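Thanks for coming, everyone. Have a look at the sequence and the structure before I start.

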Amino acid sequence: MPQRYNLIGTHCKSCGEYYFPPRTLCPNCRRTGQMEEHRFRGTGTVITYTTIYSATEDFERLTPYNLAIIQLDEGPKLTGQVVCSPEDMKIGMRVRPVFRILGKEGERGIIYYGTKFAPADDAP
Amino acid sequence: MRAVSIIGVGCTRFGERWDSSLRDLVVETGIAAIEDAGVAGEAIDALYVGNMSGGRFVEQEHIGALIADYAGLSRLHIPSTRVEAACASGGLALREAFLAVASGYADIVIAAGVEKMTDVSSGVAADALAAAADREWECFFGATFPALYAMIARLHMRRYGTTREQLAQVAVKNHHHGHMNPIAQYHTEIKVEDVVSSPLVADPLRVLDCSPITDGAAALVLAPSDIASRYCDTPIRILASAQASDSLALHDRRDITTLDATVYAAKKAFAQARLTPEDIDVAEVHDCFTIGEILAIEDLGFFPKGEGGAATEEGRTAIGGDVAVNTSGGLKACGHPVGATGIKQAYEIVLQLRGEAGKRQVDDAEIGLTHNVGGSGGTALVHILSR
Ligand SMILES: [Zn+2]
């Protein structure tokens with residue numbers, strides 16, 4: 001799924017709104033919206049977060065790990081992991097995308113890659 | 001639309017029911033409801049059954065026909081429909097049954113709910129429940145249900161000053177109510193210190209902030225109000241039935257600290273009933289996590305946004321307070337067999353309005369409300385009931 005690791009979503013040329021994950025219909029303009037592919041920069045701000053100590057079987061080996069709702073700079077929000085120590089997590093912190101293994105299907109199965117996030121120093 | 005009343009109720013004991021299968025639970029609750037209403041099988045026009053995930057929990061689908069069969073109704077060929085809206089499946093079954101009677105299409109209709117959750121490992125149960133979130137864009141990145149509610153809690157605490165202790169007070173109150181309820185999963189009272197020192201699940205939520213994994217079933221019998229008194233001395237009117245949806249994924253919401261599905265369902269329900277939140281004496285709300293009850297009492301309009309934590313701390317939602325919330329013990333202490341929860345909520349309100357709630361009876365309860373949420377707020381149902 002290329003959208004997952006490239007952060008490809010959509011942009012509506014009619015109303016200017018950005019969407020991630022990609023949508024074929026613009027909820028603002030519905031059928032009159034003109035949608036085009038948009039690759040997000042991946043930089044954004046943590047809206048809220050948690051540190052997970054008890055996970056489903058697929059993620060048990062990662063505990064504890066941080067999960068956040070991140071608002072991308074273009075506007076849309078998404079859910080993703082933030083790779084840093086739980087003590088460093090803060091509402092309002094800036095993050096940047098990092099390419100990571102997300103999971104594996106069985107011992108020798110398919111490896112899933114995807115985007116995680118890391119703290120970003122916002123200084124230019 | 002015809003006026004609709006509840007003329008019979010039944011509910012199993014909630015908890016780990018290793019002694020009973022899904023079909024045993026259904027038979028137990030179905031018989032109780034039908035006997036309570038004094039109706040014969042031949043009188044039943046339809047069944048609606050709330051069930052979230054029989055396929056994952058007991059590898060049984062086709063729950064509609066199964067329930068009609070084991071309720072002893074297979075030779076009557078009564079239409080039986082399973083409805084699913086995650087943890088709001090029971091509330092939705094009640095609404096479908098209500099619509100069938102209100103429309104005039106059916107007279108006597110059963111609304112039931114059932115879930116058998118303890119036959120699988122906790123990992124499998126967590127994964128089955130996670131299916132109510134957005135599998136591709138939340139769970140794929142490691143989200144769990146407690147994690148989604150933990151993120152709501154974190155932002156609610158930051159924005160409104162809700163404290164860790166206020167969250168714990170929800171669990172303390174609901175265990176206090178639950179210890180007076182014979183069908184509840186837990187009869188133990190707990191203290192704030194117990195909650196805040198229990199193991200972390202998804203920070204800031206801990207084990208005692210979370211509703212348990214539960215087996216159980218509940219059933220209601222509905223009839224047109226104009227014939228309800230033929231069956232029952234104390235029929236309970238359904239003044240309103242409302243449903244609303246929102247984005248499946250939490251990150252797509254307008255406001256992470258408000259469940260808009262609750263706000264819209266509540267607005268519709270209060271308009272239908274021509275009542276306001278101040279008129280409600282007793283409410284069963286969806287406290288799957290402690291923060292869930294705080295959101296509910298704000299989004300339903302019982303307290304201004306951001307003041308749910310303080311209201312809980314001040315005892316305003318306990319029995320004897322402004323509005324008695326979760327007298328059954330709620331999902332937290334009474335238990336949360338997901339597909340049955342919305343029906344059990346109505347069961348508790350019916351007992352309260354009939355004056356049959358025993359030690360947890362709310363004085364002069366005349367108007368009650370149920371609030372059932374699916375997922376992290378993708379679906380919400382609100383029903384208003386009256387003596
Ligand atoms: Zn548009």
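Predicted model: local features only at pLDDT ≥ 70, side-chain atom pairs only at ≥ 80, totals over all residues.

Every value I quote is computed from it.

A:Cys15 sits in the loop between β1 (8-12) and β2 (18-19) of chain A. A:Cys29 sits in the loop between β2 and β3 (35-39) of chain A, so this pair ties together parts that are 14 residues apart in sequence.

Are those two cysteines buried or exposed? A:Cys15 is partly exposed, at 36% relative accessible area. A:Cys29 has 18%. The cut-off for buried is under 20%, so A:Cys29 counts as buried.

Stay in the β2 to β3 loop of chain A. A:Arg30 lies there. Why flag that? Most residues other than glycine have a negative phi. A:Arg30 is also exposed, with a relative accessible area of 58%.

A:Pro21 lies in the loop between β2 and β3 as well. The peptide bond from A:Phe20 to A:Pro21 is cis, with omega near -5 degrees. Again, that is worth a flag, because most peptide bonds are trans.

Chain B has a cis bond to show too. B:Asp203 and B:Pro204 are joined by a cis peptide bond, omega about 10 degrees. B:Pro204 is in the loop between β5 (200-203) and β6 (205-206) of chain B.

Positive phi turns up in chain B as well. B:His77 is not a glycine, and its phi is near 60 degrees. B:His77 sits in the loop between α3 (63-73) and β3 (80-83) of chain B. Its relative accessibility is 67%, so B:His77 counts as exposed.

Next, a helix. α10 of chain B covers residues 260-273 and has 14 residues. How far does α10 reach from its first C-alpha to its last? It reaches 20 Å, close to the 20 Å expected at 1.5 Å a residue.

Which residues of α10(B) are buried? They are B:Asp260, B:Ala261, B:Thr262, B:Ala265, B:Ala266, B:Ala269, B:Phe270 and B:Ala273. Keep the helix repeat in mind as you look at those numbers. An α-helix has 3.6 residues a turn, so residues three or four places apart point the same way. The buried residues of α10(B) pack against β8 (236-245), α11 (290-299), β11 (367-374) and β12 (379-386) of chain B. After α10(B) comes B:Arg274, with a positive phi near 50 degrees.

Last stop, B:Val325. This residue is in strand β10 (residues 324-325) of chain B. B:Val325 is buried, with a relative accessible area of 0%. What does B:Val325 touch, leaving out residues up to four places away in sequence? The list is B:Lys173, B:Asn174, B:His177, B:Ala283, B:Val285, B:Glu293, B:Ile297 and B:Thr317. For a distance, take B:Ala147. B:Ala147 is 178 residues from B:Val325 along the chain, and their C-alpha atoms are 24 Å apart.

That is my tour. Over to you.

Conventions: Residues numbered from 1 in each chain as written. Chains lettered and ligands numbered in written order. Heavy atoms only, no water. Helix = DSSP H or I, 4+ residues; strand = E, 2+ residues; numbered from the N terminus. Buried < 20%, exposed > 50% of the residue type's maximum accessible area, 1.4 Å probe, protein only. Contact = heavy atoms within 4.5 Å. Expected span 1.5 Å × (residues − 1).
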